[in-house]
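Subject: Structure for you to look over

Hello,

Here is the structure I promised. Please open it before you read on. My notes follow below it.

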Amino acid sequence: MSTTTIPAGTKWWSGGKSPFNASYGKVMMWYFLMSDAFTFGAFLISYGTIRFSVNHWADPNQVFNAFPFAGHANLPLAFVSLMTFILIFSSVTMVLAVHEGHKMNRKGVEKYMILTIIGGIGFLSCQAWEWTHMITGDHKVLVDGVIEEWGTTVTKNPWGPAVPAETLTQMGLSATEHINTPGPIAFGGYFFGITGFHGFHVLSGVVINIIMYIKTKLGHFDQRGHYEMIEKAGLYWHFVDLVWVFVFLCFYLV
Amino acid sequence: MSAHTSSPEVTFQPEHSGGTKKIWKIFWVLSALTIIELALGYFLYAKSGSLGYPVIISTKIVIGLLTLAKAYYIVSVFMHLGDEVRNLIMTIVVPLILFVWFIIAFLADGESWKNLRNTNAGSKPDATKQVAPAAVNPGDKK
C-alpha cells in the first residue's frame, strides 16, 4: 500500500473531514491498542522490577526446556520459538487478508482469514500444553530437609537456588542431580498472569476473526463496499502478536 | 480500479498497489531477527558459566534492540501505521516514549529494593557481593 499523496496545505482541522484521514473506527482501535499497550507494559515492567529486586530468579532455560512428545529432552527455547513463529505466520496471513480486502477479493479474504484463525488456535493449543506441563510438572525441591516434587503454580515455585553439591552428597544423593530450593512465589503469579492475560487476548482475537470470517462469507463487506472491518480486526491481531514478541523477550530470552 | 470507499470521513483514498512482495519480505526480516535473537539467547545459555557481566548485559541489550526492530516492522508495515498521516503516527509514537522513562525508573527501583534487602536498609554490608581481599604481594608494607 503506497503512501497517500496528500496535497500540501490541506486544512485538516477546518471540519467536515477526519483530521487524520482515517475513519473514526480505525482511529479508536489505535487508541484502544495504546491503552492495552500501557496495561501490558505495566505488567511486564512490574515483572522486571520484582525480578531485579530478588537475588535469585528462575532460570528460563531450566524452566522452559520441554517440547511436546519429546519426553524429558532438554530443549531450551525450542517450544517457545515454535509458538513465536506460529504467531508471526498468522500475522502475515492476516496482512494478506487485509490486502485481499483492499482488492475486494472475497475469496482471498476468506482463505487468509481461515489460515489466521488456524494459527491462532495453534498458538492457544501450544500455550495450553505449556501451562499443563508447568502445573503438573514434578521438579524435586528440598523443603525443610525433605525432598518434595513440585509443579510450578501460583503458590509453588520449585526453581529457587540449587542445592549445593556437598549437601546432596551428605543426603546420600548424586551430586549431579538438579534439586532446587523453593524460589520466589511471585514467579508463578507473573508467568501465569501475564501469559494468561495475553492468551485471553489471543482467544478474543480468534473469536473476532471467526466473526469476521463469517461476515465475509455472508457478503456483508461486499454490500458495504469496503473491507475496513477486516483491517481493524487485523490491527487487533497484530497487537496481540506484538505483545507476544515482548512477553517472549521478557520471560524467555533475557 | 475498484471504487472502494471507506467511510465518508476519509478524504484521500489510499492507493493500494498490487504486490504482496513487501509483506513476504518483512516476514523474512522478522524471521531472521527472531532467529538471531534465539541464537544470542542460546549463546547466553550455553556459555552461562563462563561469561562476564558486561558481555551478558550487552548481549541482552542487543536482543532488546532486535525486539524493538521487530516491533517497528510489525507496527509500521503490518499495521500500516507507516502509511498513515504523520500526525496520527505521532499521537501513537510520542506517548510510547514514556515507556523509556517507565522502564528505567522501575528497573532502578527494583535494583534499589534488592540492595536495601541485602544490606538491611544500609545497616550491614551486602553478603551477596563478594569483596576481593586486597592483594598481598611479598614485600608489601602491611
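What pLDDT does chain A average, and what share of its residues score at least 70? The average is 90, and 98% of the residues reach at least 70. Keep in mind that this is a predicted model. Chain B averages a pLDDT of 84, with 87% of the residues at 70 or above. For the model as a whole, ipTM is 0.83 and pTM is 0.88.

Helix α5 of chain A, residues 165-170, has the lowest mean, at 82. The highest is in α6(A), at 96.

Inside chain A

Start with α1(A), which covers residues 24-53, and α6(A), which covers residues 186-217. Their axes come within 11 Å and cross at roughly 165 degrees. An angle over 145 degrees counts as roughly antiparallel, so α1(A) and α6(A) are roughly antiparallel to each other. The crossing is left-handed. On the α1(A) side, the residues in contact are A:Phe43, A:Leu44, A:Tyr47 and A:Ile50. They meet A:Ala186, A:Tyr190, A:Ile194 and A:Phe197 of α6(A). By class, this contact has eight nonpolar residues, no polar ones and no charged ones.

A second pair is α3(A) with α4(A), the latter being residues 106-135. These two pack at an angle of about 160 degrees, and their axes are 8 Å apart. They are therefore roughly antiparallel to each other as well. Here too, α3(A) passes α4(A) in a left-handed crossing. The contact of α3(A) with α4(A) has 15 nonpolar, nine polar and two charged residues.

Where the chains meet

The contact between the chains takes 50 residues from chain A and 54 from chain B. On the chain A side, the elements giving two or more residues are α1, α3 (78-102) and α8 (228-253). Which of them gives the most? That is α1(A), with 12 residues. By class, the chain A side divides into 26 nonpolar, 20 polar and four charged residues.

Now look at α1(A) against α4(B). The axes of α1(A) and α4(B) come within 7 Å and cross at roughly 25 degrees. Angles under 35 degrees count as roughly parallel, so α1(A) and α4(B) are roughly parallel to each other. This crossing is right-handed.

The residues that α1(A) brings to α4(B) include A:Gly41, A:Ile45, A:Gly48 and A:Thr49. A:Ile50, A:Arg51, A:Phe52 and A:Ser53 also take part. Among their partners in α4(B) are B:Phe99, B:Phe102, B:Ile103, B:Phe106 and B:Leu107. B:Asp109, B:Glu111, B:Trp113 and B:Lys114 are in the contact too, as is B:Gly110. By class, the contact of α1(A) with α4(B) has nine nonpolar, five polar and four charged residues.

The chain B helix itself

Helix α4 of chain B runs over residues 98-118, which is 21 residues. From its first C-alpha to its last it reaches 31 Å. That is close to the 30 Å expected at 1.5 Å a residue. B:Asn120 follows α4(B) and has a positive phi, near 55 degrees.

Best wishes

Notes. Residues numbered from 1 in each chain as written. Chains lettered and ligands numbered in written order. Predicted model: local features only at pLDDT ≥ 70, side-chain atom pairs only at ≥ 80, totals over all residues. pLDDT = per-residue confidence, 0-100. Helix = DSSP H or I, 4+ residues; strand = E, 2+ residues; numbered from the N terminus. Expected span 1.5 Å × (residues − 1). Axes fitted to C-alpha atoms, helices over the stretch in contact; angles between N-to-C directions. Parallel < 35°, antiparallel > 145°, perpendicular 65-115°, else oblique. Left-handed = near helix turned anticlockwise from the far one by under 90°. Contact = placed C-beta atoms within 7 Å. Nonpolar A, V, L, I, M, F, W, Y, C, P; charged D, E, K, R; others polar.
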